[in-house]
Every structure is written in C-alpha cells, then in structure tokens.
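Morning, everyone. I have one structure to walk through today. Please take a look at it first.

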Amino acid sequence: MKNPLLYILLTLQITACKTDTAVAPTIMYQVPKEIEVYVDRFIEEAKIRGLEIKKENLLAEFGITSQGDACGQCLQATNNPDKAQKKITIVKNSICWTSAKELNRETLIFHELGHCWLGRIAHKDNLLPNGAVASIMTTRNDNPYSPCEYDITGNGDCDKTARRKYYIDELFDEKTPTPTWAK
C-alpha cells in the first residue's frame with residue numbers, strides 16, 4: 001500500500017466496527033399486573049424454601065403460543081439460558097385464564113416460571129400412586145391443587161387445595177417425597 005496513513009485509518013475503522021457488535025442484549029422485566037400477582041407469589045414461595053429469585057429478566061404477555069392448544073409457554077435463548085431474556089406467553093381464553101379459578105391461574109404461571117426461572121425444561125408426566133399428577137410441570141391440564149365446583153365422585157376427594165404445599169415443594173425440589181394423600 002502506497003499511503004501508510006490510509007492503511008492505518010482503514011484498520012482502525014474495521015477494528016472499531018468489530019467492538020460494536022459485542023454489545024450484550026438488554027435484559028428487561030415487564031409483566032402485566034394481572035400476571036405479576038402470581039410472579040410475586042412465586043418469588044415468595046421460593047424465599048420460603050431458601051431460594052432467592054430476583055424480580056428481573058422476565059417479559060410476560062397475553063397472546064398466542066406456538067404450541068397449539070397450550071395455555072402458556074416460556075421462551076428463552078438456549079445458547080446461554082442464565083443470561084437470556086425470559087418470556088412467558090399466557091393464552092387469555094376461557095379455559096386457560098378468563099374463567100379459570102385463582103389456583104388454576106397460579107398453577108399455570110408457576111409452571112411457566114418453573115421452565116423460565118428454575119430451569120425445569122422437561123415436562124414431568126408421571127403419576128403418583130393414587131393417579132394424581134406428580135408435578136405441576138406436567139403437560140396434563142388437570143389442575144392438581146384446585147378447588148372444585150361439586151363432588152361428582154361422592155368420595156369427598158373433590159377439593160384438592162390441601163395438596164398445594166406438596167406441588168409447590170416439588171416444583172422447587174424434584175426430590176420431594178410422595179405425600180401420604182397420594183399413597
């Protein structure tokens with residue numbers, strides 16, 4: 001090259017462009033109030049169990065999932081899940097949200113936060129000895145600790161709200177032993 005000054009300027013310009021591409025993406029927290037009540041409850045349940053989860057790195061929205069009939073979905077970049085933006089989408093229809101009972105909504109949000117914040121990527125569809133789902137990380141939509149409208153079985157086992165502690169314990173610790181009500 002005849003002009004060394006031109007060569008130096010060209011090298012500096014190319015090098016400067018390379019450093020601009022290394023900027024990390026912005027991690028945000030933006031959650032509708034209607035969902036945030038359950039996010040706060042999740043953080044509190046984690047705290048009770050000795051885990052600190054910060055209220056950050058989560059986008060939540062009502063919308064349509066890419067999984068067909070799923071009521072919710074967690075999306076995040078898989079190359080570095082600890083640093084990736086977490087996003088949950090909740091379907092706001094009658095079955096999933098609008099007509100759902102309080103504890104059913106909680107189960108849905110906790111399930112999605114289990115994927116996003118606890119790293120529970122895989123679903124857990126196994127059953128307890130009594131036939132109840134073993135985890136809220138199941139793909140089955142049977143509301144494992146919800147109240148019911150009426151007892152069609154006649155055996156008084158309709159209201160499952162007393163099961164909530166087991167399911168929350170299992171969400172945060174997969175090694176939680178089988179509860180006595182499930183044997």
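Start with two helices. α2 and α5 are roughly perpendicular to each other, because their angle of about 80° falls in the 65 to 115 band. Keep in mind that this is a predicted model.

Some detail on that packing. Helix α5 covers residues 164-172, and its axis is 10 Å from that of α2. Which residues meet there? From α2 we have R41, F42, E45 and A46. From α5 we have R164, I168, L171 and F172. By type, the contact of α2 with α5 has five nonpolar residues, three charged and no polar.

What is the strand order?

Now β2 and β4. β2 spans residues 58-62 and β4 spans residues 87-90. They pair in the parallel sense, over four bridges. F62 stands opposite I90 in β4.

Next, the disulfides. A disulfide is a covalent bond between the sulfur atoms of two cysteines. How many turn up in a search of the whole structure? Two.

Take C71 and C96. Their S to S distance is 2.0 Å. The torsion about the S-S bond is about -70°, so this disulfide is left-handed. C71 sits in the loop between β2 and β3, while C96 sits in helix α3, residues 94-98. The pair therefore ties together parts 25 residues apart in sequence. Buried or exposed? C71 has a relative accessible area of 17%, so under the 20% cut-off C71 is buried. C96 is at 7%, so C96 counts as buried too.

Then C74 and C116. These sulfur atoms are also 2.0 Å apart. Here the torsion about the S-S bond is about 120°, so the disulfide is right-handed. C74 belongs to strand β3 and C116 to helix α4, residues 102-116, so the link ties together parts 42 residues apart in sequence. C74 is buried, and C116 is buried as well.

Notes: Residues numbered from 1 in each chain as written. Predicted model: local features only at pLDDT ≥ 70, side-chain atom pairs only at ≥ 80, totals over all residues. Heavy atoms only, no water. Pairing = 2+ DSSP bridges. Axes fitted to C-alpha atoms, helices over the stretch in contact; angles between N-to-C directions. Parallel < 35°, antiparallel > 145°, perpendicular 65-115°, else oblique. Contact = heavy atoms within 4.5 Å. Nonpolar A, V, L, I, M, F, W, Y, C, P; charged D, E, K, R; others polar. Disulfide = S-S within 2.5 Å. Buried < 20%, exposed > 50% of the residue type's maximum accessible area, 1.4 Å probe, protein only.
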